[in-house]
Amino acid sequence: MRQFLVLAPLLLFTVGCGVVQSSEGEATDEARGVARSAGERLHSQRPRTAEEVGRSASGIDGVEVMRVTGTSTHDGDGVDVVVRTSGSAYNGWFDIDEITVLRCFTVRVSPESEWREEPDAVDCPDSRPLTFAPPPEPPRLPYEELRAKLPRVPEGGLVDEAEVRRRVAALDMDPAIRTEVKADGGRVGVLLSVKGNGYDAQDCLVARVAPGATEVWVPARIQRMPGEGGCTIANALNPLPPPH
């Protein structure tokens, strides 16, 4: 019995050390989980620059961006982002206070990276977290101006394509706005659009000038997705049915 009493404190101490280490390990696992979730949020097949990836990462709760390397997601090995995250753990038997750790991990963003890819632990840089300027605002599409400028043709009248082109050209528009005008079947269609990234909904305005009706509208978001045909001159001339 005496021998057991002597060994018991040693056993308790050993177990206690293990628990303390386990608490730090649990906190580190929690920090790694935040980095893994960040990788999931950043995972995409859409081409992005290193700055775009860094800006997106910096907007994720619990994530600080410490370093960004690479040029774009589709160049070379893609973009590597070193993120700093925190994790906490507490065991009432052996921890006086809750244990909180700061850890850094590398998150790879590339078409070749795997979904839920495990981030690699790295040493945290001795620098402050990076900050990113907000992305440039896309040019405003002149909905009201276009609606006011387009001609109104009475029933039975003829739509003058050249006049429509002249009025569209007279709009004071950002050079980034692409213009297309086309006549078909006595109607003239107009498309004003901003170049999209091929993955998200595109910004565009469509209009149709016909005898008795001049219409200007923004297609539904689902119709402005790539491949849906909303931002085309064909949709201006022959409008797609509304989405269900």
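This is a predicted model: local features need pLDDT of at least 70, side-chain atom pairs count only at pLDDT 80 or more; totals for chains, interfaces and linings use all residues.

**Disulfides, cores and pockets**

Colleague: Which cysteine forms a disulfide with Cys104, and how far apart are their sulfur atoms?
Modeller: Cys104 sits in strand 3 (residues 99–109), while its partner is in the loop between strand 4 (120–122) and helix 3 (143–149), so the pair ties together parts that are 20 residues apart in sequence. The partner is Cys124, with the sulfur atoms 2.0 Å apart.

Colleague: Is the disulfide of Cys104 and Cys124 right-handed or left-handed?
Modeller: The answer comes from the torsion about the S-S bond, which is about 110 degrees for Cys104 and Cys124. Because of that torsion, this disulfide is right-handed.

Colleague: What about Cys204 and Cys231: is their disulfide left-handed or right-handed?
Modeller: A disulfide joins Cys204 to Cys231, S to S 2.2 Å. Cys204 lies in strand 7 (residues 204–210) and Cys231 in the loop between strand 8 (213–217) and helix 5 (233–237), so parts 27 residues apart in sequence are tied together. Both cysteines are buried. The torsion about their S-S bond is about -80 degrees, so this disulfide is left-handed.

Colleague: Which element gives the largest share of the largest nonpolar core?
Modeller: That core has 18 residues, and Leu146, Leu150, Val164, Val168, Val190 and Leu192 have the most contacts inside it. Helix 4 (161–169), strand 5 (177–184), strand 6 (187–194) and strand 7 each give two or more residues to the core. The largest share, 4 residues, comes from strand 6.

Colleague: Which residues does Val164 touch, leaving aside those up to four places away in sequence?
Modeller: Val164 is one of the residues with the most contacts inside the largest core. With residues up to four places away in sequence not counted, Val164 touches Leu150, Pro151, Val159, Val181, Val188, Val190 and Val209.

Colleague: Now the largest pocket: which element gives the largest share of its lining?
Modeller: This pocket has a volume of about 670 Å³. Among its 22 lining residues, Arg46, Glu52, Pro136, Asn197 and Asp200 are the closest to its centre. By class, the lining has 8 nonpolar, 4 polar and 10 charged residues. The largest share, 4 residues, comes from helix 2 (residues 50–58).

Colleague: And which element gives the most to the lining of the second largest pocket?
Modeller: The second largest pocket has a volume of about 200 Å³. Of its 15 lining residues, the closest to the centre are Thr106, Val107, Arg108, Glu117 and Glu118. Helix 1 (2–42) and strand 3 each supply at least two residues of that lining. With 4 residues, the element that gives the most is helix 1.

Colleague: Last one: how many charged residues are in the lining of the second largest pocket?
Modeller: Asp, Glu, Lys and Arg count as charged. Alongside 3 nonpolar and 4 polar residues, the number of charged residues in this lining is 8.

Notes. Residues are numbered from 1 along each chain as its sequence is written. Side-chain values use heavy atoms; hydrogens and water are left out. A disulfide is a pair of cysteine sulfur atoms within 2.5 Å. Buried means under 20% relative accessible area, exposed over 50%, partly exposed in between (1.4 Å probe, protein chains only). A nonpolar core is a set of buried Ala, Val, Leu, Ile, Met, Phe, Trp, Tyr and Cys residues joined through side-chain atoms within 4.5 Å. Contact means heavy atoms within 4.5 Å. On a 1 Å grid over the protein atoms alone, a cavity is a set of points where a 1.4 Å probe fits but cannot get out, and a pocket is an open set with protein on both sides within 12 Å along at least five of seven lines; lining residues have an atom within 4 Å of a point. Grid points are joined across faces, edges and corners, and a volume is the space filled by probe spheres set on the points.
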